[in-house]
Amino acid sequence: MTPRTPWQALTRARYPRTRWPWRSAGYLATGVVTGVPALLVLVVLAVFSLVLVGLPLLLLAGVALGGLERRRLRLVDLDPAADPHRVPGTPGLGAWLRVRAREQATWREFAYAVLHATVLWPLDLIVLAVALGLPAALMATPLQLAADGHEAKVVKTVLVTSYPQAFAAALLGVVLLVALLYPLGALAGARAALSRVLLAPREAELRARIGEVTASRARLVDAFEAERRRIERDLHDGAQQRLVALAMTLGIARLDAPPGPLADQLARAHDEAGRVLTELRDLIHGIHPQVLADYGLGAALTDAADRSAVPVTTDVELPRLPTAVESAGYFAVSEALANIGRHSGAGRATVTARYGDGSLTLTVEDDGRGGADPGRGTGLTGLADRLAVLDGTLTIMSPPGGPTVLRVEIPCRPLPETETAPSGSSSPRTASSSARA
């Protein structure tokens, strides 16, 4: 396994020959580079805070330094540290400041900024001076002796007057450098771990963020389904009724027209209006079939099987489920049946639908040639994306020569009895039938 941090790299025998010692040195060196300006900024803002002017700026300085440190952390930690801050619900600087002031992450970043400016960067400097500066001074002893011509003082303490002594000091510097690379990496790893604890999101914050994303995704799914049904309703009550009226008008005009070229043109127009009306009805049915809204997924699957180009046997036992789940399940089966009719060469297909253990399970099987591939544009990729929005999964088993089995699982809960049937309609809650044998 490739090391992700200096601590993991330290366990490898070839650690001194890897890039990790130098990444660790770079991390500590850049800590000094950012620490000195951070100290100056904090001192200035602390002075202004005496008159309450610098307090908000102190928090902002912590947030800014936290963002910079999360990027710098990539030098010694290959797993990115996520931003722990939430996105404000409303735009504007005021809303942003209110959210930041209430977040624990903001105060952790402020604490890190104070710690970095007062303790961490001086410690980084000391470690670099000992781990790299001391060996470098020893290795430079022959150059010092050559420059002076008579003597050289190693690290301002030991006097060297001959080249054998100078080269011995240089050799000691090389050995000491290799030895000190290990504590250098260990300290850089500890420094990075401390930074991650203070600057990366906590587990509770991650759970809250996941909850927000899940709720937002559910709202998007509900809004999408509501928009689909609005479009279906507008087409059904608007464009379809006008086309019906147009077809009736053309039919009456066709009957009243005397035989001749005008009657022939009216007949062609009447036939074309009928074809357009049929296509529009199919389009409306594809957007959101009325049987799905009125009687639920079980009846809609039976209806889809009746309209399939391939004979389909259905085995469906389902309660009423949430609208988004029923819609996703219906279109999954519809897409699967359409693919069977277009690509599989199958003679028969089977649709099975069950609800149990808090999950809807749909299975579509055919006796075709197999070899279904989501990458060939059969709609399976888009189908998997749609199911993923509901935390659903799509599994396809389609060996060459068949058979092909498509399995859909969507976690959900059934609707209460009071929500299972629309007003003025009645329907059994389960359906089991054999369609178009």
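Hi everyone, let me begin with the surface: this protein exposes about 23600 Å², and carbon and sulfur atoms supply 64% of that area (Shrake-Rupley method, 1.4 Å probe; for residues, only the protein chains shown count as cover). A word on the source: this is a predicted model, where local features need pLDDT of at least 70 and side-chain atom pairs count only at pLDDT 80 or more, while totals for chains, interfaces and linings use all residues. Residues are numbered from 1 along each chain as its sequence is written, and side-chain values use heavy atoms, with hydrogens and water left out.

Now the overall build. The protein has 13 helices and eight strands (DSSP runs numbered from the N terminus: helices are H or I with at least four residues, strands are E with at least two). Of its 437 residues, 39% are buried, meaning under 20% relative accessible area, with exposed being over 50% and partly exposed in between (1.4 Å probe, protein chains only).

Helix H11, residues 297-306, is mostly covered, with seven of its 10 residues buried. Among them are Leu297, Leu301 and Ala305.

Next, a helix pair. How do H3 and H5 cross? The axes of H3 (residues 55-72) and H5 (residues 104-139) come within 8 Å and cross at roughly 80° (axes are lines fitted to C-alpha atoms, for helices over the stretch in contact, with angles from 0 to 180 degrees between N-to-C directions). That makes H3 roughly perpendicular to H5, a label covering 65 to 115 degrees. Residues making the contact include Leu58, Gly62, Glu69 and Arg72 of H3, and Trp107, Phe110 and His116 of H5; contact means heavy atoms within 4.5 Å.

The structure holds 13 salt bridges (a side-chain nitrogen of Lys or Arg within 4 Å of a carboxyl oxygen of Asp or Glu). One of them joins Arg72 and Glu69, at 2.6 Å from N to O. These two are three residues apart in H3, so about one helical turn separates them. Both Arg72 and Glu69 are buried.

Over in helix H9 (residues 261-287), Arg275 and Glu272 are also about one helical turn apart. Their salt bridge has its closest N and O atoms 2.7 Å apart. Here Arg275 is partly exposed at 45% relative accessibility, and Glu272 is partly exposed at 41%.

There is also a network of salt bridges linking Arg70, Asp83 and Glu109.

Technical notes:
Angles under 35 degrees count as roughly parallel, over 145 as roughly antiparallel, 65 to 115 as roughly perpendicular and the rest as oblique.
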